[in-house]
Amino acid sequence: MRRSDRALSHEAALAIIDHAPFGTVAMCGKDGLPYCVPLNLVRVNNDLYFHCALSGTKSDLLRSGGRVCITFVTQAQPGYQAEKNNFTCFYRSAIVTGQAHEVLDPLEKTEALRAICRRFLPDAMVGDNFSRAVETSLHRTGIWRISMDQITGKSRPERD
């Protein structure tokens, strides 16, 4: 990291991951072209989970290698610092590198979906809504686990 004075602690980087509305997952595409896609991810300990279709470009690329880089942003605000005559951007971000693994075990898939729904749709987790949804869609839902290898966080607050 070029600006180590802007580095965040491991805990602060995890907080960004836990609060970002999505992460943009990048992987190596066909013919070496980059491929990236925004996804709703949830962190469970040192793993990230997301759901997707069972087939498609993303799943094909992950099955062919699975190395990923993910960017999370919780703040990005262009700014001008008059006292410095400086145009800038104030931000909080985290970057994760890791290895993606397709989850095939029905119990792990269910628990991953439960974590995703608790994070993004907590108000819908009432009664038997979740169990009914899992019963009808688990067989056609892809779940991926990303084991996080490296996590870095960086911030530029409005006053530094």
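**Exercise 1. How many disulfides does a search of the whole structure find?**

Solution. Before starting, note that this is a predicted model, in which local features need pLDDT of at least 70 and side-chain atom pairs count only at pLDDT 80 or more, while totals for chains, interfaces and linings use all residues. Residues are numbered from 1 along each chain as its sequence is written, and side-chain values use heavy atoms, with hydrogens and water left out.

Step 1. A disulfide is a covalent bond between the sulfur atoms of two cysteines, and here the test is a pair of cysteine sulfur atoms within 2.5 Å. Searching the whole structure in this way gives zero disulfides.

Step 2. Cys-52 is in no disulfide, and the nearest cysteine sulfur, which belongs to Cys-117, is 14 Å away. Because the sulfur of Cys-117 has its closest cysteine sulfur, that of Cys-52, at 14 Å, the two are too far apart for a bond.

Step 3. Compare the surroundings by relative accessible area, where buried means under 20%, exposed over 50% and partly exposed in between (1.4 Å probe, protein chains only). Cys-52 is buried, with a value of 11%, whereas Cys-117 is partly exposed, with a value of 21%.

**Exercise 2. Work out the order of the strands in the open sheet, and then place the helices against it.**

Solution. Step 1. Helices (H or I, at least four residues) and strands (E, at least two) are DSSP runs, numbered from the N terminus, and two strands pair if DSSP finds at least two bridges between them. Strands of a sheet pair through backbone hydrogen bonds, either parallel or antiparallel.

Step 1. The open sheet has seven strands in the order β2-β1-β5-β6-β7-β4-β3, with antiparallel pairing. Its edge strands, each pairing on one side only, are β2 (34-39) and β3, and the twist averages 35 degrees from one strand to the next.

Step 2. Look at one pair in detail: β4 and β7 run antiparallel and are joined by six bridges, and Leu-48 has Ile-146 in β7 as its bridge partner.

Step 3. For the angles, axes are lines fitted to C-alpha atoms, for helices over the stretch in contact, and angles run from 0 to 180 degrees between N-to-C directions. Helix α1 lies across β3, β4, β5, β6 and β7, running at about 125 degrees to β7. Helix α3 also packs on the sheet, touching β3, β4, β6 and β7, and its direction makes about 90 degrees with that of β4.

How values were computed:
Contact means heavy atoms within 4.5 Å.
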